[in-house]
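Subject: Structure for you to look at

Dear colleague,

I am passing on the structure below, together with notes on what turned up in it. Please read the notes with the model open beside you.

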Amino acid sequence: MKKEILFLLLLTCTFILTACTSQAQVNPKTELEQTSTTSADSLTAASANEAKAKNSTYLDVEAQNLDLLSYDLYINNNKVDTYSYDDKKSQFFDDTYTNLEGVLTFRGNHLRNQPAYGQVNKNPENLHINWDFTTGSRSWGPGAGWTGQPVLVKWEEKVRKIMNIKEEFQDQDLVEVIQGSLDGRIYFLDLATGKATRDPIDIRNPIKGSISVDPRGYPLLYVGQGIQETDKFGFYIYSLIDGQLLHFINGRDRLAYSNWGAFDSSAVVNSKTDSLIVGGENGFFYNLKLNTNFNLEKGTISIEPEEIKYRYQIRGNPYQGIENSVALYRNIAFFADNGGSVQAINLQNMEPLWALPMTDDTDATIVLDIEEEKPYLFTGTEVDKIKRNGSALLRKIDGLTGETSWSKEYPAFYNADVNGGLLATPVVGKKKINNLVIFTLSRYKTHNGGLMVALDKDSGEEIWRWEMQQYAWSSPVDFYTAEGQGYLIQCDSVGNIFLIDAEKGIIIDKINVGSNIEASPAIFNNQIVIASRGGKIFNIEVK
């Protein structure tokens, strides 16, 4: 009898322990979620509080040869010898960037490989313009430039209700288009109609790069200025509750090696650690602890950022500016600079893991592909700093060691104002084209010509090519059917928009919008949003 009672007690305890463990796995709480004033139940699928990330963890990687590199760290402009978090092991990005529906940063996530959200229901046959919206103009003209990708975001209803969105859109199932413009304004539009959903925010300097919004569903917007026309020049964080400025980073930093203060880099936010990552053209790599306080019930949000800055020099490379958007996997950040040096930074201590020597200007964003838990980088150069005709260098790089897996060179013409080579961020294929990486090069064979080329990801072998009559700085965007068939959208310098079979490189359809497209598109299901240099923002439907 005693044995039976003991057995029942043991069985009961085991059941309780299993249930508690299961509950902990279903509803994980990060440090941010425990301290935030936002209720864990207030943001459903759109919230970081509903963490559905995979069982990711940090990468324990040793630094490689850093003989070429010297660097400094600053916290709130005070130089420090070392930096360490209280819990270093928590300093990594989960594999899932956001649970919001949409495209929230340049190329969609921290891997920079998701410029389209959703899928198309059947094989597409043609493109159709649904609406267009006209922007203002400044010294650099109207519309959007490079990289100029819009944000497409479906806000959670409770968050939408506290924002300054116009009344007519408050009760709709709104997907909002947020587009930065060369006229210095940030426009807010309804994806379905193209009507303004709220008044624009004017930051009074042209915006060249791509805006980001917070992946937790918090009403925060992040934007950098591209050209200086006024005294205030740098990076901004705005509240989307009322459009008020919450924080400004002065790009003209007296500590920087470069005196150019633009931010074309598109920020990413780590939902778990409440931190923001962005690169500056002043040569600083920024890691901001935001200290966000978001109260959904009161409709308020505030931040008190701690700025951690990494400054570096690479022997033989005098060009420190970071124009591309930082790519990240777990606790490792990757970027290239205006001299083409690629670096890997460990976010646990803000120290470099490896750094490569100068090649040529690298403004196209690095795209990551994860193979058996190891990150690989796909990157390429312009023909710029050599100041003569040359070749764009395309590479696949081991993210843990910095070693080149393969490389290829393609000839391109030099032009001091409109560079040849790789300006477009590449596509790393998925689903039925998961063996491909696709690059779009400018000024190939002729000054106006271009090249789109699909390479085998493993070997670098050329699978197909399309020699373009007009070059493109705009990045190709990949999207898929439910069956996994891959397609591409590619825009060019005379306003052509091409629909392409990604597996074969065959053009299916083409439309023209009348002027140069430098910006990169974003896609929400079957709707493409793209802005031109001619002052228009377009919604184009894939049919």
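The largest pocket holds about 770 Å³ of space, where a pocket is an open set of points on a 1 Å grid over the protein atoms alone, with protein on both sides within 12 Å along at least five of seven lines, and a volume is the space filled by probe spheres set on the points, which are joined across faces, edges and corners. The largest pocket is lined by 31 residues, of which Asp-95, Asn-109, Asn-113, Gln-114 and Lys-430 are the closest to its centre; a lining residue has an atom within 4 Å of a point. At least two lining residues come from each of strand E3 (101–103), strand E4 (116–117), strand E26 (367–371) and strand E36 (477–480), and E26 gives the most, with 3 residues. Strands (E, at least two residues) and helices (H or I, at least four) are DSSP runs numbered from the N terminus. The lining of the largest pocket divides into 12 nonpolar, 11 polar and 8 charged residues, with Ala, Val, Leu, Ile, Met, Phe, Trp, Tyr, Cys and Pro taken as nonpolar, Asp, Glu, Lys and Arg as charged, and the others, Gly among them, as polar.

Before going further, please note that this is a predicted model, in which local features need pLDDT of at least 70 and side-chain atom pairs count only at pLDDT 80 or more, whereas totals for chains, interfaces and linings use all residues. Residues are numbered from 1 along each chain as its sequence is written, and side-chain values use heavy atoms, with hydrogens and water left out.

The mean pLDDT (the predictor's confidence in each residue, from 0 to 100) of the protein chain is 91, and 90% of its residues reach 70 or more. Residues 1–55, however, stay under 50 throughout, and the model has 62 contacts for them beyond four places in sequence, a contact being heavy atoms within 4.5 Å. The chain has 4 helices and 42 strands, and 62% of its 543 residues are buried, on a scale where buried means under 20% relative accessible area, exposed over 50% and partly exposed in between, with a 1.4 Å probe and protein chains only. Among contacts with a separation of 6 or more, 58% are between residues 24 or more positions apart.

The second largest pocket has about 560 Å³ of space. Of its 29 lining residues, Lys-208, Glu-281, Glu-323, Asp-363 and Asn-419 are the closest to the centre, and by class the lining has 11 nonpolar, 7 polar and 11 charged residues.

Two of these residues also turn up around Thr-147, which is joined to Trp-146 by a cis peptide bond with omega about 5°. Thr-147 lies in the loop between strand E7 (141–142) and strand E8 (151–154) and counts as buried because its relative accessible area is 6%. Beyond residues up to four places away in sequence, Thr-147 touches Phe-106, Lys-208, Gly-209, Ser-210, Glu-518, Ala-519 and Ser-520. The C-alpha atoms of Thr-147 and Asp-363 are separated by 9.7 Å, although the two residues are 216 residues apart along the chain.

The search of the whole structure also found 4 cavities of 30 Å³ or more, a cavity being a set of points where a 1.4 Å probe fits but cannot get out. The second largest cavity, with about 40 Å³ of space, has a lining of 5 nonpolar, 5 polar and no charged residues, including Tyr-85, Phe-92, Asn-270 and Leu-347.

As for packing, the largest nonpolar core has 69 residues, of which Ile-178, Ile-186, Leu-221 and Phe-285 touch the most other members; such a core is a set of buried Ala, Val, Leu, Ile, Met, Phe, Trp, Tyr and Cys residues joined through side-chain atoms within 4.5 Å. A second, separate core of 35 residues includes Ile-497, Ala-519, Ile-523 and Phe-538.

Finally, two backbone angles deserve a look. Asn-77, in the loop between strand E1 (69–75) and strand E2 (78–80), is a residue other than glycine with a positive phi, near 75°, and is partly exposed, with a relative accessible area of 38%. Lys-387, in the loop between strand E28 (382–383) and strand E29 (390–398), also has a positive phi, near 60°, and is exposed at 55% relative accessibility.

With best wishes
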